[in-house]
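Hi,

Here is the structure I said I would pass along. Have a look, and my notes follow below.

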Amino acid sequence: SSATAADIVHPASNGLVKAVGDGLYAGMSKKFRYVRFLLSTSGVGGVVSYSYWDGNVWKAFVPQSGSYNLTVSDKKLTLWADFESVPMDWQQNSVNHSVNFWVRIKTDTAYSTAPVGSQITALSDILAISVRG
């Protein structure tokens with residue numbers, strides 16, 4: 001939410017995620033299908049997995065545009081092809097006392113260099129709008 005570069009880090013690791021089990025959560029009050037990442041430092045060596053909350057458990061999925069391991073500095077990540085493809089069982093959940101629709105990005109393999117974020121935006125990937133009168 002700030003214009004400052006390289007300010008999205010966890011104070012313990014100085015990165016978005018680093019060790020196995022670390023999690024990054026992207027959430028909104030409404031369902032979304034797209035996340036844009038701008039990293040000041042790309043991660044090296046790590047692997048992450050993606051999941052959403054189905055009301056009972058975190059359910060794993062592979063993003064529509066393929067797995068992204070926070071290793072490229074500028075990434076437009078399409079989670080689902082369109083809003084009809086968004087899982088019907090995706091439910092809101094409380095993360096750090098904030099109730100939203102969350103996508104969890106969890107570290108499965110540790111990073112030798114942790115990724116550092118400058119901007120992360122969860123939104124709908126609107127490429128064109130047609131207005132008719």
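First, a term you'll need: buried means under 20% relative accessible area, exposed means over 50%, and partly exposed is in between, with a 1.4 Å probe and protein chains only. Keep in mind that this is a predicted model, so local features need pLDDT of at least 70 and side-chain atom pairs count only at pLDDT 80 or more, while totals for chains, interfaces and linings use all residues. Residues are numbered from 1 along each chain as its sequence is written, and side-chain values use heavy atoms, with hydrogens and water left out.

The overall picture: the protein has eight strands and zero helices, where helices (H or I, at least four residues) and strands (E, at least two) are DSSP runs numbered from the N terminus. Along the sequence that reads β-β-β-β-β-β-β-β. Of its 133 residues, 37% count as buried. The protein exposes about 7600 Å², with carbon and sulfur atoms supplying 51% of that; the areas come from the Shrake-Rupley method with a 1.4 Å probe, and for residues only the protein chains shown count as cover. Taking contacts (heavy atoms within 4.5 Å) with a separation of 6 or more, 78% are between residues 24 or more positions apart.

Now the salt bridges, meaning a side-chain nitrogen of Lys or Arg within 4 Å of a carboxyl oxygen of Asp or Glu. The count comes to two.

- Asp74 and Arg36 meet through their side chains at 2.9 Å, N to O. This pair links distant parts of the chain, with Asp74 in strand β5 and Arg36 in strand β2 (residues 34–41), 38 residues apart. Asp74 is partly exposed at 39% relative accessible area, and Arg36 is partly exposed at 24%.
- Asp89 and Lys59 meet at 2.7 Å, N to O. Asp89 lies in the loop between β5 and β6 and Lys59 in strand β4 (residues 58–61), so this bridge ties together parts 30 residues apart in sequence. Asp89 counts as partly exposed at 25% relative accessibility, and Lys59 does too at 33%.

Is Val86 buried or exposed? At 5% relative accessibility, Val86 counts as buried. Leaving out residues up to four places away in sequence, Val86 touches Lys31, Phe32, Arg33 and Trp80. Val86 and Phe32 are 54 residues apart in sequence, yet their C-alpha atoms are 7.9 Å apart in space.

Cheers
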